Amino acid sequence: RYAWGRAMTPALVSTVAGLTLSNLGILPFKHAAYGVVNGYLLPLAVPLLLFSADLRKVIRESGRLLGAFVIGAFATILGTIAALYLFPMESLGPDAW
């Protein structure tokens with residue numbers, strides 16, 4: 001019916017509902033079932049969501065944003081490598097990688 005309703009996927013609705021119910025105290029913050037969800041179900045959900053994605057459409061519509069993300073990702077990697085050599089972590093002793 002509504003444009004905002006079409007934009008909300010079932011995964012988004014269930015996540016927002018879970019967060020809301022937990023913050024209102026209706027659902028507990030800690031439970032044994034959360035370990036199963038976080039350990040098995042959530043890692044399976046991500047590839048399933050990606051399988052349904054149209055990558056050509058994503059690349060076509062993201063345009064310059066995707067390019068900016070790739071540049072930012074490579075700059076982060078290069079900055080981390082540079083920081084590793086510029087600021088040695090010898091003072092941490094055996095905890096330094």
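Visitor: Which helices each supply at least two residues of the lining of the largest pocket?
Guide: α2 and α3, the latter being residues 32-51. Keep in mind that this is a predicted model.

Visitor: Where does the largest share of that lining come from?
Guide: From α2, with 7 residues.

Visitor: What volume does the largest pocket have?
Guide: About 510 Å³. Its lining has 16 residues, and the closest to the pocket centre are Ser14, Thr15, Val37, Asn38 and Leu42.

Visitor: How many of the lining residues are nonpolar, polar or charged?
Guide: The lining has 10 nonpolar and 6 polar residues, and no charged ones.

Visitor: Back to α2. What span should helix α2 have, and how far apart are its end C-alpha atoms?
Guide: α2 covers residues 10-23, which is 14 residues. At 1.5 Å a residue, α2 should span 20 Å. The end C-alpha atoms are 20 Å apart, so the two values agree.

Visitor: What follows α2?
Guide: Glycine 25 does, and its phi is positive, near 85°.

Visitor: Now serine 22. Where is it placed?
Guide: Serine 22 is in helix α2.

Visitor: Is serine 22 buried or exposed?
Guide: Buried. The relative accessible area of serine 22 is 14%, and the cut-off for buried is under 20%, so serine 22 qualifies.

Visitor: What is serine 22 in contact with, leaving aside neighbours within four places in sequence?
Guide: Serine 22 is in contact with Leu27, Pro28 and Phe29.

Methods:
Residues are numbered from 1 along each chain as its sequence is written. This is a predicted model: local features need pLDDT of at least 70, side-chain atom pairs count only at pLDDT 80 or more; totals for chains, interfaces and linings use all residues. Side-chain values use heavy atoms; hydrogens and water are left out. Helices (H or I, at least four residues) and strands (E, at least two) are DSSP runs, numbered from the N terminus. The expected span of a helix is 1.5 Å times one less than its number of residues. Buried means under 20% relative accessible area, exposed over 50%, partly exposed in between (1.4 Å probe, protein chains only). Contact means heavy atoms within 4.5 Å. On a 1 Å grid over the protein atoms alone, a cavity is a set of points where a 1.4 Å probe fits but cannot get out, and a pocket is an open set with protein on both sides within 12 Å along at least five of seven lines; lining residues have an atom within 4 Å of a point. Grid points are joined across faces, edges and corners, and a volume is the space filled by probe spheres set on the points. Ala, Val, Leu, Ile, Met, Phe, Trp, Tyr, Cys and Pro count as nonpolar, Asp, Glu, Lys and Arg as charged, and the others, Gly among them, as polar.
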